[in-house]
Amino acid sequence: RLDAEKLRMSKEAEALNGETANNQSYLDAFSAELTGAKAWMDERLGAPVSSQEADARLLNAIQESAKTSDLPLVNTKFLAPLERGKLRLARYSATVTGSESSIYPWLASFHNPDKLRCISGLTIKPDKEDETIVICEVEFAQWYLPEQEDPA
């Protein structure tokens, strides 16, 4: 039984060593791209912020852009942030009603990778009473680097 277990572990170690070598070859091949991507992210993330500050920044950006486009926001609410590695995604949802010709450009201008902002969810329905109007349920989001929380 010991010999069988030893053989199994040797095969597993051999497979893991092969996987490690394969992963290292990818890291070596894409080192420049990874370095460039990290620099791009570091430029845009800035200093760590609290979740409240991230929510406030996202809300301000949404309100300013909606006001500029003369679109009313209703049914607004903050959503729980999502964690992805060391980053977090602040999220906010709202319903917007207006013409397609005003809503689509507004959504496109809000979605801005250079500011780490996106439209992470979108549902568009026609207004039943006015076919020139659409009702959009939008989920807005922005990536940020969270402050380190005090373990105490």
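Predicted model: local features only at pLDDT ≥ 70, side-chain atom pairs only at ≥ 80, totals over all residues.
**Whole chain**

Start with everything shown as a cartoon. The protein has four helices and four strands. Along the sequence they follow the pattern α-α-α-β-β-α-β-β. The radius of gyration is 23 Å, well over the 15 Å that the globule rule gives for 152 residues, so the protein is more spread out than a compact globule. Turn the model to look along its principal axes: the C-alpha trace spans about 75 × 35 × 35 Å.

Buried residues account for 27% of the 152 residues. Contacts can be shown as well. Of those between residues at least 6 apart in sequence, 61% join residues at least 24 apart.

**The sheet**

Hide the surface and select the four strands. They form an open sheet in the order β1-β2-β4-β3, with antiparallel pairing. Colour the edge strands, β1 (73-84) and β3 (117-126), which each pair on one side only. From one strand to the next the twist averages 20°.

**Strand by strand**

Eight bridges pair β1 with β2 in the antiparallel sense. Select F78: its bridge partner in β2 is Y92. Then go to the turn. β1 and β2 form a hairpin with two residues between them. G85 sits in that turn and has a positive phi of about 65°.

Move on to β2 and β4. These strands run antiparallel and are joined by 12 bridges. Select T97 to find I135 of β4 standing opposite.

Finish the crossing at β3. β3 pairs with β4 (residues 133-144) in the antiparallel sense, over nine bridges. Pick P126 here; its bridge partner in β4 is V134.

**Inside β2**

Return to β2 and select residues 87-99. How many of the 13 residues of β2 are buried? The count is 11, so β2 is largely enclosed by the rest of the structure.

Is L87 buried or exposed? Its relative accessibility is 14%, and the cut-off for buried is under 20%, so L87 counts as buried. Show its contacts, leaving aside neighbours within four places in sequence. They are M41, L45, L82, W143, Y144, L145 and P146. Draw a C-alpha to C-alpha distance from L87 to P146: the two are 6.7 Å apart in space but 59 residues apart in sequence.

*T95.* Stay in strand β2 and select T95. With a relative accessible area of 13%, T95 is buried as well. Again set aside residues up to four places away in sequence. T95 then touches P72, L73, V74 and N75, along with I135, C136 and E137.

Terms used. Residues numbered from 1 in each chain as written. Heavy atoms only, no water. Buried < 20%, exposed > 50% of the residue type's maximum accessible area, 1.4 Å probe, protein only. Contact = heavy atoms within 4.5 Å. Pairing = 2+ DSSP bridges. Axes fitted to C-alpha atoms, helices over the stretch in contact; angles between N-to-C directions. Rg over C-alpha atoms; globule rule 2.2 N^0.38 Å.
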